[in-house]
Amino acid sequence: MRRKLIVGNWKMHGSRAMLDEARSIAGAAVSHDSVDVALCPPFTLLSAMVHACPTLAVGAQDCHSAPQGAFTGSVSAPMLVDTGAALVIIGHSERRSLCRETSADVRAKCSAALAAGLRVILCIGEELSEREAGRAVDFVLGQLRDSLPPDFAAHADQICIAYEPVWAIGTGRTAQPDDIVEMHAAIRAALGDAGATIPVLYGGSVNAENAADIVHLDNVDGALVGGASLTLEKFAPIIAAAVQVD
Ligand code: PGA
C-alpha cells in the first residue's frame, strides 16, 4: 500500500519567527509514523528549516530549469539540494497563471529537479471553465502529459502528482468526492505501470474538517495543503486524519 503523504505549501508566508511552528509540526509528524509529512517554505527559510527540523522533509516551491547561469532572482535545483531541501513543488497553478509558466517550462523544471535528485511534487488542475464545460479530465490529462518529462517512469520513486482544481485553491471550495475519485483514477491510469508507485495527492482548500473524507478516497494518497499548513493547530489534525484506520 502507498503511504499517505501530507505536504504543506507555505507560499509567500513565513519568517524565522515561524520556525517554532515548523518544529511543532515536525513533532506532530513524528508522532504519526505511518504518514509522511513535508513542509515547503519560501526559499529564504529552507536552510533554517532543514536545520531546525531534522526529522521533517523540507522542500521548495519552484526551481529554475538550468543548473546555474545569468538568471537574476532565480534558484536552481542543485542550489535547493545545497540547502538540504529534499523536494520541490513544480507547476503550481499560481506559477502557471501569475508567472505564465507553460507545461513545457514545467517539464524542463521537472527534468532539472529529478536530475538533481530532488523529489518533485508536480501540480496539475483545471480552471472552473473547463470543469463546467465537462472538459476537466481531458484538460488535466493533457497538462500531465505535457508537464511530465518523457523519461518520468525511470524516476517514478522521485515523482508525486498533486491534482489541484484551480477553483478550489484558497477558496474554501473542494471538489466533489466523485469528481476527485474520477480524476485520480484517470491520472493513475495515464501514468501507466509507474502509476502503481507514484503518489497522487489532492489539493485545494483541504482543512481539518474535510481532510479525512478526502485523503481516504480511492486513489488519493494524501494532500497538498496551503493555508491550513501554516500553524500546528490547523495542520496537525490533517496529518492525524491521514492515518490509516483499517
Ligand atoms: P489551499 O492551497 O489549501 O490554501 O487552498 C493549496 C495549494 O495551493 O497548494
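The second largest pocket of this predicted model is lined by 15 residues, among which Gly-170, Ser-205, Val-206, Gly-226 and Gly-227 lie nearest its centre. A pocket is here an open set of points, on a 1 Å grid over the protein atoms alone, with protein on both sides within 12 Å along at least five of seven lines, and lining residues have an atom within 4 Å of a point. The volume of the second largest pocket is about 200 Å³, where a volume is the space filled by probe spheres set on the points. Its lining divides into five nonpolar, eight polar and two charged residues; Asp, Glu, Lys and Arg count as charged, Ala, Val, Leu, Ile, Met, Phe, Trp, Tyr, Cys and Pro as nonpolar, and the others, Gly among them, as polar.

The largest pocket has a volume of about 370 Å³. Of its 14 lining residues, Lys-11, Met-12, Gln-61, Asp-62 and Arg-95 are the closest to the centre. Helix α4 (residues 93–98) contributes the most to this lining, with three residues; helices (H or I, at least four residues) and strands (E, at least two) are DSSP runs, numbered from the N terminus. Six nonpolar, four polar and four charged residues make up the lining of the largest pocket.

Residues are numbered from 1 along each chain as its sequence is written. Local features need pLDDT of at least 70, and side-chain atom pairs count only at pLDDT 80 or more, whereas totals for chains, interfaces and linings use all residues; side-chain values use heavy atoms, with hydrogens and water left out.

Beyond its neighbours within four places in sequence, Ile-6 is in contact (heavy atoms within 4.5 Å) with residues including Val-35, Asp-36, Val-215 and Phe-235.

Strand β3 (residues 57–60) pairs with β4 in the parallel sense over two bridges, pairing requiring at least two bridges found by DSSP. Val-88 in β4 is the bridge partner of Ala-60.

How values were computed
On a 1 Å grid over the protein atoms alone, a cavity is a set of points where a 1.4 Å probe fits but cannot get out, and a pocket is an open set with protein on both sides within 12 Å along at least five of seven lines; lining residues have an atom within 4 Å of a point.
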